[in-house]
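This report walks through selected local features of one protein model, beginning with a pair of helices. Please keep the sequence and the structure in view while reading.

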Amino acid sequence: MAAKPKLYYFRGRGRMESIRWLLAAAGVEFDEVFLEKKEQFEKLEKDGRLLFGQVPLVEMDGMMLTQTRAILSYLAAKYNLYGKDLKERVRIDMYVDGTMDLMMMIMLTPFKPPEEKEENLALIVKKAKARYLPVFEKILKDHGEDFLVGNKFSWADVQLIEAILMMEEINASILSDFPLLKAFKTRISSIPTIKKFLQPGSQRKQPPDQHYVDTVKHVLQL
C-alpha cells in the first residue's frame, strides 16, 4: 500500500489549504507535519528538501514536491481532475489562476497592519463582485452545465468552492446577485468527498488568527 502524502506547513490555511482541498476532493488521505519552530524549517532547508527555500512541501510518490502551482497541477493530473485534453486543461488553468488571484488577496490580509485590514477586505469584496464572480456566473450560464469545464468535476470546481467559502467568511451575502453560483456552491458541497471535508473535525483549517500569523513570522523570521 502506497504511503500517504505528507504535508509540511503551518497549522493554518495559507498556500497549503488548496492542496488539502484537492487531496480531500480526490478522496486521498494525508498526514501533516506542522511547522511551529524555526529549527524545523531550517532542518528542511539543510536536508535539501525545499527547492527554493519555501513551503508548502509535499512528500509523495518518492518525491519532495514544492511550489504550490506545481503541486496542485500534479495532484489534479494524478487524480483525474484536470480535464480530458489540452483544451480543457488550459481552461481549468485559466479559471484556477483567476480564482487564485482573489484568494491570495484574502490570504495576505491577516499579515497587513490592523488599520489596513478593514479597507483591504472591503476592496476584496468589491473586486469579487465586479470582476471575479460575474465571470464564473457567465461561464455557468453560457454552457448550462453543472461543472465549470467539460461537465465533469475538476480542479477548477474545487478551487472555486474553496474561494466562495473564503469570500462568504468576509461577506455572508456575497452570492446574493449570483444565483447560478449559489446553486453551484450547493451542488459541489454535496459531493461526498467535499461534504466530508466540510464536516467539523476534518483537516480543513480555520481562518487565520493572530497565533497563526505570529507562528509564520517566527518560523520564517519575517
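## Packing of two helices

At what angle do the axes of helix α1 and helix α6 cross? The model is predicted, and in it the axes of helix α1, residues 17–25, and helix α6, residues 155–170, come within 10 Å and cross at roughly 125°. Angles over 145 degrees would count as roughly antiparallel and those from 65 to 115 as roughly perpendicular, so α1 and α6 are described as oblique to each other. The crossing of α1 and α6 is right-handed.

On the α1 side the contact is made by Glu17, Ser18, Trp21, Leu22 and Ala25, while α6 contributes Trp155, Val158, Gln159, Ile161, Glu162 and Leu165. Sorted by class, the contact of α1 with α6 has seven nonpolar residues, together with two polar and two charged ones.

## The nonpolar core

The largest nonpolar core has 72 residues, and those with the most contacts inside it are Ile19, Leu148, Phe153, Met167 and Leu181. Helix α6 gives the most to this core, with 10 residues.

Which residues does Ile19 touch, if those up to four places away in sequence are not counted? The partners of Ile19 are Leu7, Pro56, Val58, Thr68, Ile71, Leu72 and Leu75.

## Backbone features in the loops

Most peptide bonds are trans, and most residues other than glycine have a negative phi. Against that background, a cis peptide bond joins Val55 and Pro56, with omega at about 15°. Pro56 lies in the loop between α2, residues 38–46, and β3, residues 57–60, and Pro56 is also one of the residues touched by Ile19.

Two further loop residues have a positive phi. Asp61, which is not a glycine, has a phi of about 50° and is placed in the loop between β3 and β4, the latter spanning residues 63–66. Asp61 has a relative accessibility of 43%, and because this falls between the limits of 20% and 50%, Asp61 counts as partly exposed. Asn80, likewise a residue other than glycine, has a positive phi near 60°, and its place is in the loop between α3, residues 68–78, and α4, residues 86–108.

Leaving aside residues up to four places away in sequence, Asn120 touches Met105, Thr109 and Lys112.

Note on methods
Residues are numbered from 1 along each chain as its sequence is written. This is a predicted model: local features need pLDDT of at least 70, side-chain atom pairs count only at pLDDT 80 or more; totals for chains, interfaces and linings use all residues. Side-chain values use heavy atoms; hydrogens and water are left out. Helices (H or I, at least four residues) and strands (E, at least two) are DSSP runs, numbered from the N terminus. Buried means under 20% relative accessible area, exposed over 50%, partly exposed in between (1.4 Å probe, protein chains only). Axes are lines fitted to C-alpha atoms, for helices over the stretch in contact, and angles run from 0 to 180 degrees between N-to-C directions. Angles under 35 degrees count as roughly parallel, over 145 as roughly antiparallel, 65 to 115 as roughly perpendicular and the rest as oblique. A crossing is left-handed if the near helix is turned anticlockwise from the far one by less than a right angle, and right-handed if clockwise. Contact means heavy atoms within 4.5 Å. Ala, Val, Leu, Ile, Met, Phe, Trp, Tyr, Cys and Pro count as nonpolar, Asp, Glu, Lys and Arg as charged, and the others, Gly among them, as polar. A nonpolar core is a set of buried Ala, Val, Leu, Ile, Met, Phe, Trp, Tyr and Cys residues joined through side-chain atoms within 4.5 Å.
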